[in-house]
Amino acid sequence: WVLLPPGDAALTRRVKAAGDHWVVQEKRGRKTFSRGIWTSAATVERIRADLAAERATEGFARKKEADARRREKAQAGYVEDFHGAVVGFLGFHPTHADLADRLARAVTDHATPVGSGTVARTKRIPVERRAEAAVIAWMRHQTTGYDGMAIPRVKGHRREVRRMLAQRSKQLLGRYRRGEAVPETCPLKKALA
């Protein structure tokens with residue numbers, strides 16, 4: 001028996017389907033991390049050789065290339081949709097259109113990369129709500145001292161601080177939506193400079 005570490009999904013899937021195995025997981029807090037599977041060494045070597053032969057074919061390479069193009073196209077479409085949703089959420093007065101475009105681009109560039117782990121990557125909420133949450137999160141980190149705050153580790157304190165900062169961010173966005181004159185010392189202008 002050998003421990004097959006995680007990392008190759010196809011190999012792991014086929015080894016599990018091939019027969020006896022034990023899944024090794026470690027729980028830390030609320031999260032469970034895979035440490036691999038214990039299985040027969042002969043099974044792992046046989047399946048690994050089969051996979052290597054399959055992956056060496058020209059058809060497999062074409063399929064992977066087509067998959068990558070499809071994912072890139074879907075990602076580009078999502079980035080444009082998300083950018084439009086951010087601009088729609090901002091709804092700045094025409095006098096602040098340039099700032100709205102720069103802010104929307106900054107939020108989109110930060111929030112949309114695959115694997116970024118930001119709220120923009122979730123499918124659980126509509127894109128309009130994702131855009132709103134991404135703008136508020138970006139502003140929290142770029143226009144406030146949130147990252148340097150010493151927040152006590154008491155249940156609810158962090159959420160309360162985030163709620164208060166979100167309210168301030170919404171008030172600031174409201175000034176831009178109404179077309180009010182905003183001084184050059186505005187934290188949003190400074191963050192986008």
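Colleague: Which residues make the nonpolar surface patch of about 500 Å²?

Modeller: This is a predicted model, in which local features need pLDDT of at least 70 and side-chain atom pairs count only at pLDDT 80 or more, while totals for chains, interfaces and linings use all residues. Residues are numbered from 1 along each chain as its sequence is written, and side-chain values use heavy atoms, with hydrogens and water left out. A nonpolar patch joins side chains of Val, Leu, Ile, Met, Phe, Trp or Tyr within 5 Å, from residues with over 30% relative accessible area and no salt bridge, with areas from the Shrake-Rupley method and a 1.4 Å probe. Here the patch is made by Trp1, Leu3, Trp22 and Trp38.

Colleague: Is Trp1 buried or exposed?

Modeller: Trp1 lies in the segment before β1 (2–4), a strand being a DSSP run of E with at least two residues and a helix a run of H or I with at least four. Buried means under 20% relative accessible area, exposed over 50%, and partly exposed in between. Because its relative accessibility is 56%, Trp1 counts as exposed.

Colleague: Which kind of aromatic pair do Phe92 and Tyr176 form?

Modeller: Rings of Phe, Tyr and Trp (its six-membered ring) pair if their centres lie within 6.5 Å, and planes under 30 degrees apart count as stacked, over 60 as edge-to-face and the rest as tilted. By this rule there are 3 aromatic pairs, one of them being Tyr78 with Phe82, which is tilted at 6.0 Å centre to centre and 35 degrees between the planes. For Phe92 and Tyr176, the centres are 5.1 Å apart and the planes stand at 15 degrees, so the pair is stacked.

Colleague: How many residues apart are Phe92 and Tyr176?

Modeller: Phe92 is buried, at a relative accessible area of 12%, and Tyr176 is buried as well, at 0%. Phe92 belongs to the loop between α3 and α4 (97–111), whereas Tyr176 sits in helix α6 (residues 157–178), and the pair links distant parts of the chain that are 84 residues apart.

Colleague: How far apart are the closest N and O atoms of Glu54 and Arg14?

Modeller: A salt bridge is a side-chain nitrogen of Lys or Arg within 4 Å of a carboxyl oxygen of Asp or Glu, and the structure holds 15 of them. Glu54 is partly exposed, with a relative accessible area of 33%, and Arg14 is also partly exposed, at 34%. In the salt bridge between Glu54 and Arg14, the distance between the closest N and O atoms is 3.1 Å.

Methods: Buried < 20%, exposed > 50% of the residue type's maximum accessible area, 1.4 Å probe, protein only. Patch = residues over 30% accessible without salt bridge, like charges linked within 9 Å, V, L, I, M, F, W, Y side chains within 5 Å.
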